[in-house]
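Me: I am new to this one. Can you walk me through how to read its features?

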Amino acid sequence: MTTEELEQLLAQQPIALLHRLARGRVQRHFRAGKRRLIEVLLRHSAENRAGFESDLMTLIGEKPVHPAPPPPQVPTARKPKSTAPQRRSTHRPVEPESHEPGVTLSSWLEGLGVPPPKTFVPDAWQEDAIAKLREGDVVVSVPTGSGKTYVAIEAARRAISENRTVIYTSPLKALSNTKYTEFSKIFGADQVGILTGDRRDNGQAPLLIMTTEILRNLLYDAGGGEIDIRLDTLGLVILDESQYIADPERGVVWEETIIFCPSQARMLLLSASIGNPHDIAEWITSIRPTPCHLVRHSTRTVPLRAGYLHPNGKLTPLFRTVGIPHGHPSHLHPEAKRLFAQYEDETLPSGRRR
Amino acid sequence: MPPSIHPVDLIIALRDKHLTPAIVFLTSRRACDEAMQAFDHSHILLPPPRQAAIAAVLEKVIAQYPSIAEHPLIPTVQRIGVAAHHAGHLPSWKIAVEELMRHGCLDAVFATTTLAAGVDFPARTVIITQSSIRKSRDFMDLTIGEVQQIAGRAGRRGKDLVGFAIVTPSPYIDLNVLTKGFTGHPEAINSQFVISYPMVLNLLKAHPLDQIQPILAKSFAQFQLNQRAEVLQRKLDDLGDQMEPFGPRVCTDWITEWQTFDQVRRQKSHRAPIRRHEPPEVAARFHFLTPGRVVGFARGRGVVLRQYRSKGQKSPMITALREGGGITESPASTVTEVSDRILDCVDAPVYPWCTPESVEELLHHLEELPGRLPELPILIPKDNEPIPDAIVQTLGDFACPTCPSRSACQTDYPLASKLRQEQHRHVKSIQALRTSLWHRFQEKIDVLQQFGYLTPTAHLTEDGEWARLIRIDHSLLITELLRADAFNGADPAALAAVMSSIAHDDDRPGAFPRVSSGLASLLGQVRKLAVSLSPHEDPPLLRADIAAVTERWIGDPTLTWIGLCKSTTMAEGDIYRLLARTLEFLSQLHTLKATHPGLADTASRAIAALRRGVLEELP
């Protein structure tokens, strides 16, 4: 392919494709307009022309055919191409297209509303986590918004009733403040204290809120010989948002805290959904006296639906199904697919595709 | 069509479908602020009772945090029921917005994605407009975990039956990233264990050196390294099984033996150089007989048009344009003189090997040449004697040619040697995985010993005893500054200003107040030291303009928060964070009361001066 041919080919592609191509090749490619982007890409392609061209071809091959056909009315009209095994040899397996038309907007929106007020009944996993905490440390990995705080509150309540100190840590000062207000309402203002780098409010209270860094420093001071009375009666350490252990800058603080946490205290790690919570649990089991239990739960308490809103205000479901089709990212709603293709077409600054 | 939906239309669409309250995640703070401005003249007002509800909640928050009473966004929040929430705002404003959301007073909050990880307030709907976020100065695709964290804000427990995550496109959105994020499993997380100087000091304070390695082994980092090592170990065991048939034969280490033998054999077969029977001067000259070269023959001169080797004899030949216009083919040995002159000549693929025009031109030039031309100095190599090859002579030393297992060795060698190489590689990597943390720790010990915080036996020196209390970023720079007495006689304002320039790690540009000359020279010293420490610790940005903000705030106790904000283009929230971080650094200095009473005193005066107005509102 000559450079001119390549340039022409690039000019025919949608800008989104160019950006995907530029990813990892060009710095700050998102700042560039199409013409500039092509220029930079061409300059870059000199380094590894063959690789560049093959990536481009893969991307072009991947791209859905535009404009997307309208939702097929007759489901059996298409031939079953998914049976061809050689098509699967591409790096992304071709999913068998399912041919039912997507859900309608009205059925997608159905069920929207406020549930009737009912008394709070804890979920099974919440009770499980609290029960397991009697036997040892617990790692909780559940989706955002599932009610991790309930577990924290119940566990803290129990430890306080046993005259033990509870330390609750969060990664951010802002979160600490929110929790301070929230816990003060639940436990009473005299039961909750907050420690920051330069200030301590109610520092002898049974439930102490601080950032993880502060707790780490307390543990270091204890290790260095300065005995802090609170660490003796410490019964429970709650590390909220403990997926921060993977934070490039601050993750090490969580590790230090867990390594140096006094052995008589129980640990409760609350984390958003992560891919390998069992690794964390296994690790904690391997370094602490009591076994660590993993409480995992992947369904959301409030079901989630995904939608697509076109800039002209038209709303459609994003997927063919009402809920999220887990494991099937390509099950897009035909209407959403069509509208997004149209969007990509129209936001193209020049050289529209035919 | 606009590249993305207008905020007003967005709110109208959401209200229409009963999808409020919503959190709208936008790419930047600026996008959030612009979205708020879009409502300035819109008429999608809230009904009066809801406006009153917002006012009531705001009043309560303002009573607690008076700093937001005059907030410029309040009118829009009250009229329309939308708000912006990002890192550029004061924490108290963010609390107010969160409070409003919790009471269900707002229809939408425009927020940046940083919110997704930070503060916890849910809504019925989240709107996603981007597929990448800014991380350390470059845009990165959202990970599956991040998409789910964002989408997780949709659906309030007890208040919604379902939650909605709605994608609305904006330029550079990649729908694949988002659909994968919705439907996929979150990524595994990995340890980010770094060994810092304070960690080394604190560990060595509490434990003797020989107990450190077991402590490091307790880290999640080592846990994950061990996992990788185990995988390699398993591979290694497999390789061991595969190596079974390749055990000792006639010689114990037959693989190495065959390898050397094979190498020698190959080298031997290679030494049969093509012999050309041409005198060395002809061979040396031939390289220079390129098209356009002016050469002398026994009679007359000529210009080389091409060179080639004759088919039969392989002897070097040239085609030359002779004076008078004849084109001759002659052996290179007939050239008597090679001149240091090349004429322009346009190559052609067929006889006469250059274009007719250039033949004309060459002839013309050839005739115009002066009588004597400088001769090209050509180095003629001596007859290269064959180097006596030690290896060739040793070929007879090998037992292989007559060995009974020769054929077996020959067939098995390629596979066996590949397996053995892999074995060696795995053994090495396992070794590295098991010991890398400890090596990193030792490197830090070496540096600390070099600077005198640790004795040669890895005990804390007097300096090390207090240095371990500084547990913040850039700790080495700070402790070195203290040892150099850099803050001797510095006033609280200057101390705090230097600390804030060390603490601040954002390179967002802007306009800032001027820096005083005393502070500027102090910062100059700090910078010099930071550069000299750069092999051991990355230097901080040390922005003088940032230092000036802090200096003003502390230096002038009558300065109001509004006044400070007006003196710079920095966002309120950024100033707040800067000062809060400075407070943190100062309070670390304050812990050095025992060894540095003067400094601790200055630090505590700086803390007292810093903590006023807005900074006093929150613990």
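Predicted model: local features only at pLDDT ≥ 70, side-chain atom pairs only at ≥ 80, totals over all residues.

Me: Start with chain A. Which domains does the assignment give?
Reply: Read the residue ranges. The assignment for chain A gives domain 1 (1-63), domain 2 (100-115 + 303-354) and domain 3 (124-296). Domain 2 of chain A is written as two segments, 100-115 and 303-354.

Me: How far apart do the C-alpha centres of domain 2 and domain 3 of chain A lie?
Reply: Those centres are 41 Å apart.

Me: And chain B? Into which domains is it divided?
Reply: Chain B has domain 1 (7-183), domain 2 (192-268 + 387-451), domain 3 (289-368) and domain 4 (469-616). For domain 1 and domain 3 of chain B, the C-alpha centres lie 81 Å apart.

Me: Now helix pairs. How should I read a crossing?
Reply: Take the axes, then the angle, then the residues that touch. Helix α6 (residues 124-135) and helix α7 (residues 148-161) of chain A have axes that come within 10 Å. They cross at roughly 35°. The crossing of α6(A) and α7(A) is right-handed.

Me: Which residues of α6(A) and α7(A) make the contact?
Reply: From α6(A) come A:Trp125, A:Gln126, A:Ala129, A:Ile130, A:Leu133 and A:Arg134. From α7(A) come A:Lys148, A:Tyr150, A:Val151, A:Glu154, A:Ala155 and A:Arg158. By type, the contact of α6(A) with α7(A) has 7 nonpolar, 1 polar and 4 charged residues.

Me: What about chain B? At what angle do α9(B) and α16(B) cross?
Reply: Helix α9 (residues 197-206) and helix α16 (residues 406-451) of chain B cross at roughly 90°. Their axes come within 10 Å. The angle makes α9(B) roughly perpendicular to α16(B). On α9(B), the contact uses B:Tyr197, B:Val200, B:Leu201, B:Leu203 and B:Leu204. On α16(B), it uses B:Phe441, B:Lys444, B:Ile445, B:Val447 and B:Leu448. The residues of the contact of α9(B) with α16(B) are 9 nonpolar, no polar and 1 charged.

Me: One more pair. How do α19(B) and α23(B) cross?
Reply: Helix α19 (residues 492-503) and helix α23 (residues 572-590) of chain B cross at roughly 115°, with axes that come within 9 Å. That puts α19(B) roughly perpendicular to α23(B). The crossing of α19(B) and α23(B) is right-handed. Among the residues in contact are B:Leu495 and B:Met499 of α19(B), and B:Phe585 and B:Leu589 of α23(B). The contact of α19(B) with α23(B) divides into 9 nonpolar, 2 polar and 1 charged.

Me: How many aromatic pairs does the structure hold?
Reply: Over all chains, 17. Look at one. The ring centres of A:Tyr220 and A:Phe260 are 5.5 Å apart and the planes are at 50°, so the pair is tilted. A:Tyr220 is in helix α9 (residues 212-223) of chain A, and A:Phe260 is in helix α11 (residues 251-260) of chain A. The two are 40 residues apart, so read this pair as a link between distant parts of the chain.

Me: Where is a cis peptide bond here?
Reply: Between B:Thr20 and B:Pro21, with omega about -5°. B:Pro21 is in the loop between α1 (7-16) and β1 (22-26) of chain B.

Me: And what is phi of B:His474?
Reply: Near 60°, a positive value in a residue other than glycine. B:His474 is in the loop between α17 (462-467) and α18 (475-483) of chain B.

Note on methods:
Residues numbered from 1 in each chain as written. Chains lettered and ligands numbered in written order. Heavy atoms only, no water. Domains from an automatic or database assignment. Axes fitted to C-alpha atoms, helices over the stretch in contact; angles between N-to-C directions. Helix = DSSP H or I, 4+ residues; strand = E, 2+ residues; numbered from the N terminus. Parallel < 35°, antiparallel > 145°, perpendicular 65-115°, else oblique. Left-handed = near helix turned anticlockwise from the far one by under 90°. Contact = heavy atoms within 4.5 Å. Nonpolar A, V, L, I, M, F, W, Y, C, P; charged D, E, K, R; others polar. Phe/Tyr/Trp six-rings, centres within 6.5 Å; stacked < 30°, edge-to-face > 60°.
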